[in-house]
Every structure is written in structure tokens, then in C-alpha cells.
Amino acid sequence: MSFVARRGNTLVLAICVLIALPVVTRNAVWTDSAALLGIYALLALSVGLSYGQAGILTLSQAAFASLGAYAAAICTVRWGWPPLADLPVALLLPALIAFPVARLVARLSPLATALSTLAIGSIIAIAIRSADDFTGGYMGIAGVPSIGFVKAPASYAWLIWAMVVIVVFLYENLCHSAYGRALNVLRFDQARAAADGVNPPMLVSAAFAISSSIAGVSGWLYAHYISFVSPESLDAHLSISALLMAVVGGAEFILGPILGTLLLDGLTRLLPAAELQGVYYGIALIVILLVARRGIFGLIEGGLAQVRQLRRSRSGEVTALEIEASRP
Amino acid sequence: MIHFVEYVLRGALAGAIYALLAAPMSLLFATARTIDFAVGAYALIAAAVAATIGGIAGAEAGLAAAMLSAAIMSLIFVGLKRLGCEDGIVFALASFGLSAVIESFVLWYWGARSFIVSYVAASWSLGGIRLDQQGLFNLLIAAIVVVILHVVVRHSSLGRMMRASAVNAVGATLAAIPVEGLQMGVYLAGGLLAGLAGLLVLYSAGIDFTAPLGLTLSGFGAAIVFGVGSPLRCLFGGIAMGVAQALASGYLSEALSAMTPFLFILLVLSMRPADTEALAGGRP
Amino acid sequence: MTLTATSLSAHYGRLQVCHNIDLSVSAGEYLIVLGANGAGKSSLLGALAGIVASSGGITLSGRRLDQASARVRAGSGLVLVPEGRGNLFAPLTVEENLAIALRHLPGAERREILSEVLALFPILGERGAQPAGMLSGGEQQMLALAVALGRRPKALLLDEPSQGLAPVVLDELIAAINRLRSLGMALLIAEQNVRFAAALGDRFVLLRGGEIIHEGAPAELADRRGTAFRLMGTH
């Protein structure tokens, strides 16, 4: 029972995917949307881990994703590696960059850290764009092969969403581990965490590195699915979009970023003009910050807490802690 | 040698724009402990409106558009504050939202074109080094603005109140200082200066809808190089960054030149000089 | 009565910390609010000054202020010196701190008040160009008082002025606060230092658990086995 209860998010997600994907994959356009949504959901999840759990407001996730994508493209197209052999590279390369950078900036104020991630993201993007011989410069790399056994778009949609479920499963395990609990303490009380023998910068940096790996996987999937990468594929604006998705859904909740992705990106596909995407994202973010700072999941949780408190207050006193917990 | 001098001078001229963006950023950080990521977008909307209408009227309309956008940001800021938010990162996030809205609006209304208007194409020659008059004009404007700001912050009652609310908001309220009004005013001033920077970019190198993020970051880099908190340092910071960029592009590569603002930011933040402590501190 | 509070409660969110407090201070009177840590002294003063949410009535010289913002209350002459000299701006110089306090006054009046304040606290005249944060604890408390006086308060609220001061400095401070009697304002001092309170107050109220549980005259505080000590819970 406890195993199931501790993996509630994974189960909910897995059930939703199992119900929705068979229906969605009957339509070619929907299948494509589902695959892309899954890739963005992974990116938003990586923001959730970094911002929601470790408190690093990250603006470099798209850059880490493009590292993953270029790793896939270069390994398979340039060096002729067999598919799947490039996955470890896509996982490790972003982490190898993210970790030392985080070690450098994780002691800074949240605002300064956010700016540093933006800076490192931009540096990666410029490096990719200007290493012509290696990355194809502005032209990018075309003809990335598919991942062996997966060829049809529908199979990609399944593979991508299976990846999302796996990441959520690992993420949930992480949250319940000693490491995850330490991260949680850290978010509320740095001094307490340090007094408990936790090394805050180390912990935060590790979380940032893992989050960059998740972004790397999303880039890896992107490259193999679209079969083409260029500097424009995963640019800085996507970093911001991923952040907005995570915040709108609720960055500190495991499924928040996925909900945010579905809402923001899913609904964008219904917009009259694609150029207006930013208007829609931006307004959604501002409204969410004003109405429910902890995102849609936070709103739901706040509502539930209030119901519980109402019941309690009928029977007796309300504690200050509960009032604190019920604040939006 | 002549090349070196030329790079330095050209870089200094280019850095003037960064100083204009940096000054309001450091003021906002000083008074509200947050960053307005939308300053680049204010510059963009000012340039777009000015280019469309043209002439002096266009410049005025551009500045008005930038200030209107900044006014929206200041309202969002006050709204968040009234709802009990004191977290600088949330205000910064909201400004990202506004920046996305403005960029996307420009893209939708004007398309992906770039805006450029050239009034002064002439240049002066100084011992074999060509300096374009527009660039010198930009530097002059930036220097004037920065000196005015410096005098206001250091030697006026308004500046005293701003510095007071920055260090002790409760104390400032008790001293009947309109803290929120001051902070809104700084957001608006940011709109005005960013709008001005947008116009100068429009008249020099040109601007398109992808520029805001880079402009914001360059401004931020210039604001922190010599420590936040003083407009004069922003001018030197802007010039230093412009020069570094020009030297990198002249002697190393275009890519390194483009990376310069970001390397500046990483370097400065990781070295934590005493004056960036306020920004850098916060985690034990 | 200069300052009256009727049935005043202070809140943090839905948590009430002071309950139905009635008190009044007349012009020239010094009232001490005594209480141990956590008794609700700072919350009471904060509620009066408008920086802590409150319900109930507050009037200053007959003017109702309970609905007014902290800024308006400060502007009307209800002036708080928060705990730890929280009305000072540490990086600003002594002169700048005073200039902020006096900025709303016309030039002649400003000079008049400034010389008045410097006569009360001569040490501040010597420290003019130093940042407030560089002064000693006692000097900072003097500056905090001077800044508050610059607003020409009708009622002055002092939150633990004795905090962190050495006994010698404390005596100077008592003398300085006693010199203010000539200004004829109502003074409300929150304290837990009984010696300090006894030396200053005309009257005291005792706060515990956010309620006034005892009132009395300073003479009572001389008896260490008296009611006041017993109720305060200090032995």
C-alpha cells in the first residue's frame, strides 16, 4: 500500500497516458502534437526539479536540451554511432556543464543564480552556433536517424510519454528519498539544513545537474523524432516557455509542470496566430502569479486545505500552522 | 596599435547603450531588490513605434509606448505586493511574462523585420580612426543621463528617500516615505531610459524582435561589473563591456564577442566583489 | 487624552496576538508597557503605528486613526521607534537620516527643530557625516529618538529602547528621555527592563499573553516580591 501511495503521481500519470494516447494516436496531427508535448513536458519537468525543489530559477533548460539534441545528432550522423549509444552522452554532457556552473553560483541569491543560468544558457547557444565545422552552424544537422526499433510517429509518441512516466517515477522516488527530504528542508530553512550536516551548495548543484540531464533527454528525443537540429530548434525562448509552463502548473508539485505544459502548449495550438504565443504565455504567467502564486496545483491544494480547515474549525481551534499552510 | 585604439573607442561608443539600460536596473535593484527583465522589451517597443511613425513625433510616441509598458509592469508589481508577495524573484518572473507579451506583440503586429532608421550617417576622422557621429551622440546622451541620475540619487531629497527605502522599508514607511510610489517611479524611469536606449539602437545598429533578452542581459552585465548601486558605475560598466566586446571581436572571434556580456555576468557574480554582495548574498 | 486605544487587537493573518486592549496616555505623560518576551508589547506598538494589522479604535488628539495607513499615522504625529532602532537607515549618514525626518518642513522650522534636537543630543552634532550604522548602540538610540522627534510627534512610541545597551549608556538614555518632558508629548514605552521602566514611567501597565493584567505606579516596581514582578514571571 505504502509503495502505491508513495507513487501516486506516477500512477495518475501512467493511467492518464494509457487512456489518452490510444485515442490521440488515431489522428496524425494529434500524434505529432502529443509527441512534441511530451518533449516539452520533460523540459518543464526539468524546470520543476530545479526551481520547484532546489530553488534555482533556471533559464538554461533549452540550452541543455540542445546539448542533448546535438549530442544525438553528432554521435549518429557525424560519427555513425548506433542509435541508443548516444543516450548516455545526451544525459551526461549537460550534467557535466551544469554541475560545475551550479557549484559556482549556487551560493548566490536566487536572483543572481537565475541570471547566471541565463548567462550559461546563452553561452552554450552561442558556442553551438559558432562551432561551424562541428555543429553545422546556422544550418544545423539534418538526417538524424530514428531510434532503431521506433520509427512511426505513433511509436515516438509512446516512447516519449513512456520516458515522461519514467522520469516522473524517478522524480517521485527522489522526493521520498533522504536526498529529496534534505532538499525540502533546504528550501524552507537553509541554516537548519546546514546545521543538520547537509551541504547546501552541493545538494542544490546535484539537483541542477539532474535537471539538466532531464533536459538533455528531451533534446535527445527531439533530435531523433524531428531528425533535424539547428540553433533555432531549441532556443532561449523555449527556456522561458518551459519556465512559464512549470510555474503556471505549479513548479513545486511533481505533476505541476506537465499540467502547465498541456494547458499552455496544448491551448496554443488552438490560437489564431502562432506569433501571439508569447502574448498568451506571458498573460497566463502574470495572471497565475497574481491569482495563485504556487500554480494551478497550488490552487487545488490550497482549496483542499481550506476545506479541511473549515471542518476542523467547526469542531475546534485552528492552529497558526494550518492557517499558514492554507495561504495561496 | 591603431587598431587597438579604434576598437577601444568604438567599443566605448557601443557601450553607451548598455549604460542606459544598466542605470535603471541598478536603481530598481537598489529600491525594490528585484530586476525588471522587460527593459529590453521596452527598448524594442520604443524602436518599433518610433520607426513606424518616424521623425520627432515617432521618437516621442516610442518613448510613450515604452513608458506605458513600464507602467503596466509597475502595476503588476504593486498588485503582487498588495497580495502579500515580497519575493524579488516573483517580480522578476512577472517581468519575464511581460517581456514575452511585448516581444510577441511586436512579432505579430510588425512581423520579423528589423527596425533601423539612419539620420546621421556622417563620421569624423580622428588620426585615421573613423568615429560615427551617431555613436558619439549616443555616448553623450548616456553620459548626460547618468550624471543627472547620479546627482539625483546622491544629492537630492528624492535620492535620499530612495536609498532609505532600499535599506529599510519598514523604517521608510514609518518616516512617511511613499515607498511603493517611489518603486513605481523607478519602474517608470526604467521604461523611459530603456525607451531612450531603444531609440538610440534604432538610429545606430537597428533592432529586431529577438533583441530584448540580449539587451536586458547586456544592461545587467554593465550594471554589476563595478558593483550595483551607483549610476556612474553603470556608465563605466557599459563602456567596459562595450570595449571588451569590441576587443574580443577584433582579436579573437565574433562568437567570443557575443559571449562577452554573459561571461562578464558569470565572472562578476562568481567573484562576488563587496558591492554585489546584496545581490550575491542570500544563501548561507 | 492625547492617545487612546479602545478594545485594540493585533493580528498576524488570522492569529490574534493582542486582545481588546484599552489604554490612554495624556499629554506629557510617560506610560510604560511592561512584559516579558512574547507578551505582545511590540505587536501592540506595531498595531498602534499601523505596521501590524489591528482591529479596534485608535485616536490621537481626538482624531480617529485606526483606518489610516502607517504613513498617514506617522504624518499625523503618531511616531514609532521600532525595536532595534528600526527607524534608522544604516548606510545613510547622521545628517541624511535627520534630513529625511525633517524633509516635509519649511526651511526655518527645519533649522529650528534641528538645533532643538542637537541641543538635546549634542553628540549627534559631532557625528554628522558618519553613517548611522557606524555609531555606538547608545548613539544610535539617540539618533533614533532625534529622528522621531523631527516629526514633532504628539505621541511617541518607543519599542525597547534599552535593548542591547550597557548600564552606563542606559543612565544617559534615561536622562535624555526625561529631558523630553518639556516637549509635552504622550510617550508610550514598551520595556522588559524593570529598572529602566521604574526610572522613567509615570504609570505602567503589565502585558501578558497579549492582555493587560495589571496596572500600577512605578513605586510598586521597587518591590521585587511585589505583584508586578510575580505577574511578569521574572524572579
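**Exercise 1.** Find whether the radius of gyration of chain B agrees with that of a compact globule.

*Solution.* Take the radius over C-alpha atoms; the globule rule is 2.2 Å times the number of residues to the power 0.38. For 284 residues, the rule gives a value near 19 Å. Chain B has 19 Å, so the two agree. Along the principal axes, the C-alpha atoms of chain B fill a box of roughly 60 × 40 × 35 Å.

This is a predicted model: local features need pLDDT of at least 70, side-chain atom pairs count only at pLDDT 80 or more, and totals for chains, interfaces and linings use all residues. Residues are numbered from 1 along each chain as its sequence is written, with chains lettered from A and ligands numbered from 1 in the order in which they are written.

**Exercise 2.** State what share of chain B is buried (20 or more other C-beta atoms, placed from the backbone, within 10 Å of the residue's own).

*Solution.* Of its 284 residues, 57% count as buried.

**Exercise 3.** Describe how α2(A) and α8(A) pack.

*Solution.* Locate the helices (DSSP runs of H or I, at least four residues, numbered from the N terminus). Helix α2 of chain A spans residues 8–24, and helix α8 of chain A spans residues 153–176. Their axes, lines fitted to C-alpha atoms over the stretch in contact, lie 9 Å apart at an angle of about 170 degrees. Angles run from 0 to 180 degrees between N-to-C directions. Over 145 degrees counts as roughly antiparallel, so α2(A) is roughly antiparallel to α8(A). Residues in contact (C-beta atoms, placed from the backbone, within 7 Å) include A:L13 and A:V17 of α2(A) and A:W161 and A:V165 of α8(A).

Conventions:
Buried ≥ 20, exposed ≤ 12 C-beta atoms within 10 Å, placed from the backbone. Helix = DSSP H or I, 4+ residues; strand = E, 2+ residues; numbered from the N terminus. Parallel < 35°, antiparallel > 145°, perpendicular 65-115°, else oblique. Contact = placed C-beta atoms within 7 Å.
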